[in-house]
Amino acid sequence: MRAALRRRLLQAVHTDALAVFDGGVWQTRCLHCRRALSLREDGEALGTTSLEHVVPSAWFGKRAAAAFTARVGDDADDPRNLALACAACNHGKGCSHDARGPGDERAREVVSALLDARLARWRDAGPRD
């Protein structure tokens, strides 16, 4: 796994108020379905854990997504925009809502709800990052 991906996974888990570190492994829940997810201390994803860009990377720079991107600092890799999700949920969102783009009302509703959930789970990362 690439170092940049591990770093982003760790940023997501360090800023997730639901995440608990125990025995060298981070435990949290999928942002979508709340399935249990695990991440090793070094950032290696375990099982079905994947990195979710809550506001899709492709939406950045698009006028229709400006309200969303402004909430996460106009950077797709801002920790506020990174979350852990199970691979099935992440893939499903990518193939449907993300692909339809910010002009689609249902896609905006889904991204808005996920962004609200991510920001509700926010915690300051502290010195780990």
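Predicted model: local features only at pLDDT ≥ 70, side-chain atom pairs only at ≥ 80, totals over all residues.
Contact here means heavy atoms within 4.5 Å. Residues are numbered from 1 along each chain as its sequence is written, and side-chain values use heavy atoms, with hydrogens and water left out.

**The chain as a whole**

- The protein chain holds 4 helices and 6 strands; helices (H or I, at least four residues) and strands (E, at least two) are DSSP runs, numbered from the N terminus.
- Reading from the N terminus, the elements follow the order α-β-β-β-β-β-α-β-α-α.
- A compact globule of 129 residues would have a radius of gyration near 14 Å, and the protein chain agrees, with 14 Å. This radius is taken over C-alpha atoms, and the globule rule is 2.2 Å times the number of residues to the power 0.38.
- Along the principal axes, the C-alpha atoms fill a box of roughly 45 × 30 × 25 Å.
- Of the 129 residues, 43% are buried; buried means under 20% relative accessible area, exposed over 50%, and partly exposed in between (1.4 Å probe, protein chains only).
- The protein chain exposes about 6,500 Å², and carbon and sulfur atoms supply 51% of that area. Accessible areas come from the Shrake-Rupley method with a 1.4 Å probe; for residues, only the protein chains shown count as cover.

**The four-stranded sheet**

- An open sheet is formed by 4 strands in the order β1-β2-β3-β4, with antiparallel pairing; two strands pair if DSSP finds at least two bridges between them.
- β1 (20-22) and β4 (45-46) stand at the edges with a single partner strand each, so one side of each has no neighbour in the sheet.
- Strands β2 (residues 25-29) and β3 (residues 36-40) run antiparallel and are joined by 5 bridges.
- Within this pair, V25 stands opposite R40 in β3.
- Helix α1 (residues 3-14) packs on the sheet, where α1 touches β2, β3 and β4, and its direction makes about 125° with that of β3. Axes are lines fitted to C-alpha atoms, for helices over the stretch in contact, and angles run from 0 to 180 degrees between N-to-C directions.

**A closer look at helix α1**

- The 12 residues of α1 reach 16 Å from first C-alpha to last, close to the 16 Å expected at 1.5 Å a residue; the expected span is 1.5 Å times one less than the number of residues.
- Buried residues in α1 are L9, L10, Q11, A12, V13 and H14.
- The buried residues of α1 pack against β2, β3, β4, β5 (49-53), β6 (82-86) and α4 (105-120).

**The β5 and β6 pair**

- β5 and β6 pair in the antiparallel sense over 5 bridges, and S50 stands opposite A85 in β6.
- β5 is mostly covered, with 5 of its 5 residues buried.
- That cover reaches both faces of β5: T49, L51 and H53 are buried on one side, and S50 and E52 on the other.

**Two loop residues with positive phi**

- R34, in the loop between β2 and β3, has phi near 70°, a positive value in a residue other than glycine. Its relative accessibility is 46%, so R34 counts as partly exposed.
- D74, in the loop between α2 (66-71) and β6, has phi near 55°, also a positive value in a residue other than glycine. Its relative accessibility is 54%, so D74 counts as exposed.
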